[in-house]
Amino acid sequence: MESMARGGTRWKRFALVMVPSVAATAAIGIGLAQGALAASFAVSGQQFKVTADYLDGAGFAQYGGVDVGYKEMDGKEKVMHPVAISTFRTARIENMCQSVVTDVPLLGKITLRLKAGEDRDRPVRAENLYLDISQLDADAKFKNIDIGVAVKDTDNAEGEDGPAGKGPAVKPGDRVQENGFAQQAERAQLWDVKQTAWATTAGSFTLNGLSMRLHRGTDKECF
């Protein structure tokens, strides 16, 4: 990794959850309960794990939000999960692994493991990528980062709101506070990524070298 330079920021083991939002999350939850905010979809009652050797993203932004999902697998009750929403206009991901464990009746715990982009010349590629994260660890470096931007002023594809070339706009219907805390950067590079997430959405997601397997037990999780 290159050394820290003007216009760039690097933190060791930087968890991308810079959201001073306990009160903000509570307010969002009240808004959701009253129907004032719309959730794009209900997440499952299971979090999943993702690792990557390297992620190189252009047009990065991050802000706090809430995912509405099912508390248990039976789907009888919905709950709210505070998340850090990390977004990239475009992203290149090397050696990505995704896993989720399901407790299957009569069979026990089964791990679904997906791998892609193991060949550095054929990485995973995504456009308009949104990651709803509960935990993330990585080495990270940012180019031209702005910390403390209002969520609604993160940039859109046309550069109408925030500084041109920075983070993508907030999606319509996102469950966030428009005037809440956000950060954005022209470029974000992450190494040795380990994250736990509730949801991922993307305008396009190209998984080169895709491999998907089912394994008994939990020893095949990504981490």
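Strand 2 (48-70), strand 4 (96-104), strand 6 (124-150) and strand 7 (181-206) each put at least two residues into the lining of the largest cavity. Strands here are DSSP runs of E with at least two residues, helices are runs of H or I with at least four, and both are numbered from the N terminus. The model is a predicted one, so to speak of local features takes pLDDT of at least 70 and side-chain atom pairs count only at pLDDT 80 or more, while totals for chains, interfaces and linings use all residues. Residues are numbered from 1 along each chain as its sequence is written, and side-chain values use heavy atoms, with hydrogens and water left out.

Back to that cavity. A cavity is a set of points, on a 1 Å grid over the protein atoms alone, where a 1.4 Å probe fits but cannot get out; lining residues have an atom within 4 Å of a point. Grid points are joined across faces, edges and corners, and the volume is the space filled by probe spheres set on the points. On that basis there are three cavities of 30 Å³ or more, and the largest cavity holds about 140 Å³. It is lined by 14 residues, of which Val50, Ile93, Met96, Leu131 and Gln195 sit closest to its centre. Strand 2 gives the largest share of this lining, with five residues. Sorted by class, the lining has ten nonpolar residues, four polar ones and no charged ones; Ala, Val, Leu, Ile, Met, Phe, Trp, Tyr, Cys and Pro go down as nonpolar, Asp, Glu, Lys and Arg as charged, and the others, Gly among them, as polar.

The whole structure turns up one disulfide, meaning a pair of cysteine sulfur atoms within 2.5 Å. Cys97 and Cys222 are the partners, with an S to S distance of 2.0 Å. Cys97 lies in strand 4 and Cys222 in the segment after strand 8 (211-216), so the pair ties together parts 125 residues apart in sequence. The torsion about their S-S bond is about -80°, which makes the disulfide left-handed. Both Cys97 and Cys222 are buried, that is, under 20% relative accessible area with a 1.4 Å probe and protein chains only.

Buried residues make up 43% of its 223. With contact taken as heavy atoms within 4.5 Å, 81% of the contacts between residues at least 6 apart in sequence join residues at least 24 apart.

Note on methods. Buried means under 20% relative accessible area, exposed over 50%, partly exposed in between (1.4 Å probe, protein chains only). On a 1 Å grid over the protein atoms alone, a cavity is a set of points where a 1.4 Å probe fits but cannot get out, and a pocket is an open set with protein on both sides within 12 Å along at least five of seven lines; lining residues have an atom within 4 Å of a point.
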